Amino acid sequence: MVLILGGGFAGSNVLREIQNKFNNDAEVTLISQDNFFLFTPMLPEVSSGMLHPSDISTPIRTFCKTANFCHARVLSINLESKTVTVIRIFDQKETTLEYDYMVLAMGSKDNFFGNANIEEFAFTIKTLEDAIAIRNHIISVLECADQERDSILQEQLLRFVVVGGGFAGVEIATEINHFLHDAAKNFYKNIDLKKIQTIIVSARNGILPEVGEDLGNFALDYVKKSGIEVITNTKAVDAGEDHILLSDNTLIPCATMIWAGGVIVDPLVSSLKCEHGASGRVIVDQYLRLKEHPNIFALGDCVHLVDHHTGSVYPTTAQIAIRQAKIVSENLAAKIYGQENAMKIFDYQNKGVMATIGKCTGVALINGRKVFGLQAWLLWRLFYWLNLPTNEKKVKVAFDWLLHAVFRSDIMTVGFIKKKTLTRLETPIYSVLERSQEESFDNTSYL
Ligand SMILES: Cc1cc2nc3c(=O)[nH]c(=O)nc-3n(C[C@H](O)[C@H](O)[C@H](O)COP(=O)(O)OP(=O)(O)OC[C@H]3O[C@@H](n4cnc5c(N)ncnc54)[C@H](O)[C@@H]3O)c2cc1C
């Protein structure tokens, strides 16, 4: 029995690869709290309304040829008894599953560095729900600002602060900045465009450290020219529903704060009895196995592995997770078929990084070559479009990009989504029916 924990870039790609390598010799089950695979590089485009949620999410069952899917949250992992306890998403029922081999691919979650206020008041950009929540919120803010006659309050409403100068922070800031201006110009006649203020707060000297100094400086200049204010060498230290406080004691009145300030692994992973690196990530050997547990493979954002080409730890990117998935599935198959000496080492040299930084503009570092502007933006779009998991999604995304180039932004909010609760289904429905039939027999005897 093979259990794959997590259905993101790492887990879904292992699932897709591994099924081609087994001839029904092993039962494979993927467990994920989301029943879909999320294509995160395009997540900021859902917040801006450029793409629809369904464009970038694919049901995991689409990838299940022979494997099983278990829609549940992992509650605990017992490495000694080789069991994983899960809680079903629908009815909260707990089950314990056994495994012979496990693939740990549970990604990462937002790190608020223990700041409860930031956690409570900031939006995040990690899940599909986050992207939809941001979209609903910023449109509601525009609706409110359009009616607001107090100019100070209107300015506060129109101030949008993004904390984090990495990929996720810069991409969400530039996407919403463009959307806000576009939407206000087309639909909100009481909003002065000059009053819309998007701010990026970066703890570093600049933004996008991943692309190097030259491209990072280009990105910084471009982002500033497009009207976004960038505050560098500063951290967010506190927040409330109407403000954010920075480490230099600046208090920014605002109605929107988006946190993209860092990630950490789930305590479930960081508390596993094995070696851990920075942020609790599990340390793996060159075959991507836990050193102490050779029947457990781990990959993606939850893994700590040093790239011997650069001497630093592999970054938490989708590209790395996809490459690691190939090696994990080959090594897992080799192990199951008793061919351990056929296992491969993970020796990937990062060939490039890309980011979009505004309308039709991007930065890219490919094989050491720096690319700026429209060319980098086209490369970004082409690369990620080609990496979408199915042809259906490729057509949907291309179509929506085309529509967006022709028509005005959509400003519809879906409002608050009601959440239905369900008491636990302890008794199968047929037994309730049987019982009610028995009861009705009893009743009839009184008639
Ligand atoms: C906004 C944004 C933009 C990004 N842009 C880029 C980019 O342009 N290029 C790039 O290379 N990378 C980008 N990344 C990073 C990339 O998304 C991650 O590196 C990648 O998703 C890591 O894959 P993973 O499978 O390890 O983790 P994830 O994709 O996060 O998947 C983790 C999976 O585990 C599941 N899971 C977690 N905990 C549990 C639990 N307790 N029980 C059950 N299931 C659980 C989750 O539901 C999910 O299915 C971006 C990330 C974000 C948030």
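Colleague: Which residues does Leu251 touch, leaving aside those up to four places away in sequence?
Modeller: In this predicted model, Leu251 touches His243, Ile244 and Leu245. Contact means heavy atoms within 4.5 Å, so each of these residues has a heavy atom within that limit of Leu251.

Colleague: Where does Leu251 sit, and what makes that a strand?
Modeller: Leu251 is in strand S16, residues 251-253. A strand is a DSSP run of E with at least two residues, so 251-253 qualifies. Leu251 and Asp238 are 13 residues apart in sequence, and their C-alpha atoms are 9.3 Å apart.

Colleague: Why are S15 and S16 called paired?
Modeller: Strand S15 covers residues 243-246. Its pairing with S16 is antiparallel and has three bridges. Pairing needs at least two bridges, so S15 and S16 count as paired. Among the bridge partners, His243 goes with Pro253 in S16.

Colleague: What is the strand order in the sheet that holds S16?
Modeller: The sheet is open, with three strands ordered S14-S15-S16 and antiparallel pairing. S14 (236-240) and S16 are the edge strands, each pairing on one side only. Neighbouring strands are turned by 20 degrees against each other on average, direction ignored.

Colleague: What is the order of the eight strands in the other open sheet?
Modeller: The order is S7-S6-S5-S2-S1-S8-S21-S20, and the pairing is mixed.

Colleague: Why are S7 and S20 said to stand at the edges?
Modeller: S7 (94-98) and S20 (289-290) each have a single partner strand, so one side of each lacks a neighbour in the sheet.

Colleague: How do you know that S1 and S8 pair?
Modeller: S1 (residues 2-5) and S8 (residues 101-104) share four bridges in the parallel sense. At least two are needed, so the pair counts. Leu3 stands opposite Met102 in S8.

Colleague: Which helices pack on these strands?
Modeller: H9 (residues 318-336) touches S1, S8 and S21 (293-298), and its direction is at about 155 degrees to that of S21. H1 (residues 9-18) lies across S1, S2 (28-32) and S8. H1 runs at about 165 degrees to S2.

Colleague: How many residues surround the ligand?
Modeller: The count is 26, and the closest are Ala10, Asp34, Thr40, Val74 and Tyr384. H1, S5 (68-78) and H9 each supply at least two residues of the shell. By class, twelve are nonpolar, eleven polar and three charged.

Colleague: How much of the ligand does the protein bury?
Modeller: Alone, the ligand exposes 990 Å², and the protein buries 91% of that.

Terms used:
Residues numbered from 1 in each chain as written. Predicted model: local features only at pLDDT ≥ 70, side-chain atom pairs only at ≥ 80, totals over all residues. Heavy atoms only, no water. Axes fitted to C-alpha atoms, helices over the stretch in contact; angles between N-to-C directions. Near = heavy atom within 4 Å. Areas by Shrake-Rupley, 256 points an atom, 1.4 Å probe, with all protein chains shown as cover. Nonpolar A, V, L, I, M, F, W, Y, C, P; charged D, E, K, R; others polar.
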